[in-house]
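Visitor: Could you take me through one part of this model up close? I'd like the cut-offs spelled out as we go.

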Amino acid sequence: EVEETLKRIQSHKGVIGTMVVNAEGIPIRTTLDNSTTVQYAGLLHQLTMKAKSTVRDIDPQNDLTFLRIRSKKHEIMVAPDKEYLLIVIQNPCE
Amino acid sequence: MPQKRRQSVIGTRGARKRDEDSGTDVGEGTDEWTQSKITIRPPDQLELTDAELKEEFTRILTANNPHAPQNIVRYSFKEGTYKLIGFVDQLAVHFTQVGNLIPKDSDEGRRQHFRDEMVEGSQESLKVALSDIENLEEDEEPKEAETEPGSQTDVPVAEAAEKANEELTTPAQPKERKLTNQFNFSERASQTFNNPLRDRECQMEPPPRTNFSATANQWEIYDAYMDELEKQEKTKEKEKTKTPVAKKPEKIAMRKLTSMESQSDDITKVSQAAKIVERMVNQNTYDDVAQDFKYYEDAADEYRDQEGTLLPLWKFQNDRAKRLAVTALCWNPKYKDLFAVGHGSYDFMKQSRGMLLFYSLKNPSFPEYIFSSESGIMCLDMHVDHPYLVVVGHYDGNVAVYNLKKAHSQPCFRSTAKSGKHTDPVWQVRWQKDDMDNNLNFFSVSSDGRIVSWTLVKSELVCTDVIKLKVEGSSTELPEGLQLHTIGCGTAFDFHKEIDYMFLVGTEEGKIYKCSKSYSSQFLDTYDAHNMAVDAVTWNPYHTKVFMSCSSDWTVKIWDHTIKTPMFIYDLNSAVGDVAWAPYSSTVFAAVTTDGKAHVFDLAVNKYEAICNQPVVAKKKNKITHVQFNPIYPIIIVGDDRGHITCLKLSPNLRKMPKEKKGQEVQKGPAVEIAKLDKLLNLVREVKTKT
């Protein structure tokens, strides 16, 4: 059932790639090539940790729901979970 | 000498040393030295006569300490008197020297003496030998021997010693005496054989190391505290539930669960995140739509006089429900962006399965929940207090209740032929308030003429017939005297918002009956509403007396339930599928027709015409079947018979609120709305009474 959701996301309009990264920054599942995945995983993992730390430092009862980085070319969306990290790269405007 | 030195150049010291100087003799050897210096006589030197100068003064060096007092008296506090301290040290030490003279009689002295004797003994033996030699030599040089015996004996002794040494080596020589000190200490050293050193090493495998780093942030501390709290609560709960026997199988089950979880590198745990991301992706794709939904207000409305438009927003469709018509729409009372769609078929010939889909506005591309059923769904309702309970009525007459909280795809309650399902399609279901036993119950109306109340008792549905619809005036008398009533077919009903027991039923014959739950045989009132079947009946959300009905005879009628004739009649040129009041105003309602148009009316603005008349669905063959207003957002959803749901935004003109006059307070909604409608009704009533 989660598989279906991921498939749907991948086949959605404008989505370039999706990947699932575990708590240590190791990609578990990806639709992109290996080198890109590893790069994204490592960098975004750190960024997510930092963002989460920031949010929680301000108010410990708060927590990070998701992180969006919109750049010129596309948008990277990161949804952190307790143990996993879901990353989707989409090209929003077409 | 030293005195003379003092007398010399250093004249200051002369005063003290004078007495000593006069009594001593001048040394002889220093004549040369002293003469080089000039003797200076200090000016205050005493003038003495020669006799006085030569006078001898004796100086005695004693050990008596002249400074030591002989009679010291000290005050004793203990006795309170002066006491004589007897002894005072009178001895003054002038000079001490540690010497090394040993008395002859002591041990050490005797030892040394003995040693000397031994040495002498050896020397004497030498002398004995030498004396022989001397005797031989004496004859030769007797004179020399006598004159200087001392020195000679030395020489011949030396000569003889050399000779004697050669002779005396063979006889026992005196042992070499150890030099002893007074402690008889002698150093004795010996060197042992050093073993060669050997290194022995043993190297183990280094223990596995991992890096551990952690940060101490405020939130980590908070997390730790929360975990502690949870643990404590868990232990408390465990203590409360004392079931030791049950615990063991639980534990085993728990262990199995945990082991299972750890084994599978779980993708299912990402479900939450995946959901969020899906919505985000959708938001991106439909970004402009989302923006419109939130913020777009059609500015052109100002120029359009009083008409408004419907801005199409999202379109919801699902492959599986493609060929099924939308038969029911309902917004969730709690989550305002969630709505339920029932799919089925109105076509008598083509009856197939049914689907129940739940969509969220946040994710237009895929429904949140999907349920499928064998028979087409004709109606649905969501409970107000329990927004996860949904009741549906099927084409085959069954009713079912779904629980969204549970993950089953099957309904949790279902009526069967035994439990009194309807024999005809169920056209409308409605939740009621909980009954006396706090059981949930709902009503259903069907073409078989029964209005049934169902109660959810534990795991069953219990049905109670409330009313059997009869067509009035059609009872025929059979020869046996029984009265045969033609059963009316209920197609729609609605319960009064405030008067709980009162409800309206619309029938296929076009009549609307006002009924009460308590009276099962008689109707409170009957209205000859339409020429064809009544498709929908709804009470006005604000005004307690007004209700509206629509029918396939192309009309929409608004009634006051106390008056038998409708207040307003609208002819829409096409069969009206559904009609709904707006939740924000008592005078606004929408109606949808089978020609694909949506009509929005505002009685306060225009009593006779629609202020918006807009084709909503793409193809003309597409009939719109249902319409619903969203309770909070200014949007409506419209379902058609292709299985598509379109979401439209109401333009500002359609949402006009009564203008507040300056200075007046903002009045609360319902009262204002009721007043508004009342005004209109009064106008109409006046007209009617006049005519």
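In which sense do strand β28 and β29 of chain B pair, and over how many bridges?

Guide: Strand β28 (residues 597-602) of chain B and β29(B) pair in the antiparallel sense, over four bridges. Two strands count as paired if DSSP finds at least two bridges between them, and strands here are DSSP runs (E, at least two residues; helices are H or I, at least four), numbered from the N terminus. A quick word on the ground rules: this is a predicted model, where local features need pLDDT of at least 70, side-chain atom pairs count only at pLDDT 80 or more, and totals for chains, interfaces and linings use all residues. Residues are numbered from 1 along each chain as its sequence is written, chains are lettered from A and ligands numbered from 1 in the order in which they are written, and side-chain values use heavy atoms, with hydrogens and water left out.

Back to the pair: B:His599 has B:Asn613 in β29(B) as its bridge partner. B:Asn613 sits on the uncovered face of β29 (residues 612-615) along with B:Pro615, while B:Cys612 and B:Gln614 make up the covered face.

Elsewhere in chain B, helix α8 (residues 218-240) holds B:Glu233. That residue is partly exposed, with a relative accessible area of 44% (buried is under 20%, exposed over 50%, partly exposed in between, with a 1.4 Å probe and protein chains only).

As for chain A, it has two helices and five strands, running α-β-β-α-β-β-β from the N terminus on. Of its 94 residues, 45% are buried.
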